[in-house]
Amino acid sequence: ILTGYTCDPHPNNPMTNSAGMCEVTAAGGNPHLPGIACPPDMMGTDVYVPGYGWRTCDDRGAHDTLRYKPHLDLRVPTYEEALVVGIREITVYLEN
């Protein structure tokens, strides 16, 4: 399951309204750059997301699974783009 999130300072964005949520990724990176949040065992893995390209797992999501399926959370630049990503089932590709 793919969802979208952002650190865009939007009044409806729970990420920017929570203390410390958009200061640094779990891997110590910049949360305002493209990336993806993954389960902990995927940290550092490169993931190809159709329509978005390659992203490195540099953050932890709130949930490792969603709807009983693996959950990846795509970091995008704006709140509106996160809404467009929505919640969807998608095939992603991992770099070997």
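The model is predicted: local features need pLDDT of at least 70, side-chain atom pairs count only at pLDDT 80 or more, and totals for chains, interfaces and linings use all residues. Residues are numbered from 1 along each chain as its sequence is written, and side-chain values use heavy atoms, without hydrogens and water.

Start with strand β2 (residues 35-38). Strands are DSSP runs of E with at least two residues, helices are runs of H or I with at least four, and both are numbered from the N terminus. Gly35 and Ala37 point one way from β2, while Ile36 and Cys38 point the other way. In a regular strand the side chains alternate between the two faces of the sheet. All four β2 residues are buried (under 20% relative accessible area; exposed is over 50%, partly exposed in between; 1.4 Å probe, protein chains only).

| Partner | Sense | Bridges |
|---|---|---|
| β7 (residues 72-75) | antiparallel | three bridges with β2 |
| β4 (residues 53-60) | parallel | three bridges with β2 |

Gly35 stands opposite Arg75 in β7. Ala37 has Asp59 in β4 as its bridge partner.

Now the rings. Rings of Phe, Tyr and Trp (its six-membered ring) pair if their centres lie within 6.5 Å; planes under 30 degrees apart are stacked, over 60 edge-to-face, the rest tilted. Ring pairs join Tyr48, Trp54 and Tyr93 into a cluster.

Finally, Val84 lies in helix α1 (residues 79-85). Val84 is exposed, at 61% relative accessible area.

Notes:
Pairing = 2+ DSSP bridges.
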